[in-house]
Structure formats: C-alpha cells, structure tokens
Amino acid sequence: MPIAHIIGLGKSGIAAARLLKRDGWAVTISDRNSSENLRQEQQQLANEGIDVKLGYSLELNGSDLPQMIVVSPGVPWDAPILIEARKLGIETIGEIELAWRYLQSCPWVGITGTNGKTTTTALVAAIFQAAGFHAPACGNIGYAAGELALAEKPPDWVIAELSSYQIESSATVAPKIGVWTTFTPDHLSRHKTLENYYNIKAHLLSQSQQQVLNGDDPELRKTARDRFPNAYWTSVRKADLIGEKGFYIEDGWVVETQMASPQAEKQGEKIVQASALRMVGEHNLQNLLMAVAVARLAGIEKEAIQEAIANFPGVPHRLEHICTLAGIDFINDSKATNYDAAQVGLASVNSPAILIAGGEAKAGDDTSWLETIQTKAAAVLLIGDAAPVFSQRLQDVGYSSYEIVQTMEKAVSRAAELAQAHGAKVVLLSPACASFDQYQNFEQRGDHFRQLCLELL
C-alpha cells in the first residue's frame, strides 16, 4: 500500500487525505498546531482510517518514507523538509495539483492576481450557475478543490481562485480559461523577489488555453502584452483597450468586440449595464469586465449574465456592508491584506471615513495608501502588531489623527464615537495587513468585526 503524508490539517489537507484514502493509500496528516478544533478533526479522521499527528513536523528518516507529500497552501514551497523530500525522489505536490489529477476532464477557469481575484471568482461562479452549470467556486474561496473531486456529481466547470502559493505547487494545472486580475508586490517574504512572484502567476496563464487580462493594470499592460499575444484584454475605457478582441465599458455598458467570443452578433455588442453590479469602486468594474469575458468565452448568453449580475450580493470581507447606525455605514474589508487592496478599499467608500487598520504587516509600497488616508480618513485606529510601525509611517507623512487601540473590540467602539464626532459617513475595517497576529485568517477577523458592529445595534 503506497504511503502519503499530508502537511496541514486545513480544509484542503483534509480533502487531499480523503481523496488518497479512497484510492487505497495509507494516509497520515500532520499539523504543527494542536488546538481543540484540530483535535476534533483528528478524531473524525481517525474514524475514517486516516492517521493525524498534531503538534508534529514531518521528518524523513527511517524506512517507511512516503511516496507522496501533499502540502497545504500555507506551507512554503522551499521549506527545508520539502527540498529534502524532492532530493530523495519523493513526489511533492500541492492540494490543487492533486485535485487536478482527478478533475482534469472538466474544464477549469483559473483566476489569479494580487487583488480582485475573489470578487472575480465569485462573479464568474454566479454567472455560470445562472446559465445552468454546476460550477462551484473553489481553491482560495469556497470549496477545497479536492472536495469537488470527492463529490458524487462532478462539476460541469471548475471555477478556481488560485493564489501564488497554490500555483507554485501545481505544475501541471492547465485551465481552459486563465484570468490575471492585477499585479503588485505581495508575499515577498515568501517568494523573495518580485520576478519570482510574477513568474509564478504567469505560469498559470501560460498553461491556459485562453487568457483574460486586466488591461488597466499598469504592470500587466507593460509586461504581459508580448508574453500573451492572443490574450483577451479588458479596460474600463474603449480607447485604452489593448488589441482587437476584448471587453470595455462604453456609455455605461459592458461591451465586447466582435472578435471576443463566438456568439458576438455585431461589433461593439452590449452585454450588461455596468450599474447592475451593486458594488462600489472602479476596481469592481474591472472585476465585472473580466467575469463577463470569461462567461462569453465559455459560450454563455448575455441573458444569464444579466440575471447573475443583477442578483449578485457581493463578497464577504471585501467592502461588505455590515450595518448602518445613526447614518454611519460599517463596512468590512478584512480581505484587504496588503497596501494596494486597502488603498482601493478606502478610495471606494464615502469620505470622511474612520479607518481601522493593522495586523501582521507585510512588505510593500505604502505610498498610495498613505496618500489616500490623508485625503479620505478623518481618523485612523490601529490594531495588532503593525500598530507601532503604522503610527510611525503616519507621523512621517504628517498625519496625526490616529490612535493605537490594539484590539478589534476597542477599535469598533471607538470608531463609532469618532464617526459621530467627525461627521464621518463610514467606519471601514481595511487592515492592509495579514491577520495571523490575532486571528487564524482574514475571515475570522472580518467575522469578529461583523459581530462587534451588530452588537452596537
């Protein structure tokens, strides 16, 4: 019986373990942590014949070496244990790669990018479902891809949001349609160089039969044009559209060029009104364009697109409206885990705003973010490990209306007070940071913010 070792007892690790167990592998999952939640999972998986080792890190010694190691996205691809495994000839892959081996008979949409990929993925899934396809979102949102491979009914399409971590460990994944939403510096502590980070993203697009790219992203405009000569480009302005086939906005409509899809009836065909999408910010027009592009390349008629966009509720944790209290909107943008995403979030809401920021700081250029704070934020409340660093950066640019409050509880109650004092229209959680100093993930952080806001009511 072949032996497999899964590193990481998250959703993706559990799906990978169950897939391999079903196929006759002896499976062990290990996790360095040992929380109560993980102990409950351990008991459940033990009942299924899957060994779980908590508070444990894999060591490759002894005679019972695994034939395969599957890593969860949070495990660095250059971790010493993985380098050692590859030297020993042990196949080392990510959970997405494993799921691909079971699901490659289904067409995939693979969506990547520094920012915008979650909203775009959710929009694509909504449109495909409105058109009658069984097309669940998976990967970085929704299901683990392995869960789709385990399901009795295979999907008609796999709509996968793929982070650089997931692409890095998934060499053969080859979507029918690949989408690149944006490119700005992120995850450099893991990927080391901007070039390496770029090439990981580009790999997914190179593997894709068709490519959709954001033509309003300065870096993609500059670097991807020659690399993907047959790509479909999007732009919020027709004059800025790259090439002859693509999607743009004109007179308030999403329009496709005649060459863009097989079912385009005429040059400049109107597909859906941009105002049908009930999400704030120009960046969401780009997300809409890319989602419509994917749908049209998949042969979906505009009636299904119009229906899906009109009914799309938005994405949790990405400019998610929580409640309105005394005329003040409380908005959860916990998914803004870097400066660029947080800048876009703050630029998208009404001003003046009370901003809650902080967490586990990331490397990156904070210039635009700080400029937007100066023009739109009446006050900034700082939480988490990044609070001292952020306070210094705000001082550096001459912004003094900030307070270090450390915890989300203090931030929300103080934000409500400051909003009334400053006549602010919005309280915005847009952290510009990872969440791991105080939370397990950005979802947990956003859920805590939501709970605290609703308690104010």
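**Aromatic residues and overall build**

Guide: Phe183 counts as buried, because its relative accessibility is 5%, under the 20% cut-off. Keep in mind that this is a predicted model.

Visitor: Which ring does Phe183 pair with, and at what angle between the planes?
Guide: Phe183 pairs with Trp180. The centres are 6.0 Å apart and the planes stand at 85 degrees, making the pair edge-to-face.

Visitor: And Trp180, buried or exposed?
Guide: Trp180 is buried, at 0% relative accessibility.

Visitor: Which residues make up the aromatic cluster there?
Guide: Trp180, Phe183, Tyr197 and Tyr198 form one cluster.

Visitor: How many aromatic pairs in total?
Guide: The count is ten. One of them joins Phe128 and Phe133, with ring centres 5.9 Å apart. Their planes meet at 45 degrees, so that pair is tilted.

Visitor: How accessible are those two?
Guide: Phe128 is buried at 0%, whereas Phe133 is partly exposed at 29%.

Visitor: Switching to the whole chain. What does the radius of gyration say?
Guide: The chain has 23 Å, which agrees with the value near 23 Å for a compact globule of 457 residues. The C-alpha trace spans about 65 × 55 × 40 Å along its principal axes, and 55% of the residues are buried.

Visitor: What about secondary structure?
Guide: The chain has 17 helices and 20 strands.

Notes:
Residues numbered from 1 in each chain as written. Predicted model: local features only at pLDDT ≥ 70, side-chain atom pairs only at ≥ 80, totals over all residues. Heavy atoms only, no water. Helix = DSSP H or I, 4+ residues; strand = E, 2+ residues; numbered from the N terminus. Rg over C-alpha atoms; globule rule 2.2 N^0.38 Å. Buried < 20%, exposed > 50% of the residue type's maximum accessible area, 1.4 Å probe, protein only. Phe/Tyr/Trp six-rings, centres within 6.5 Å; stacked < 30°, edge-to-face > 60°.
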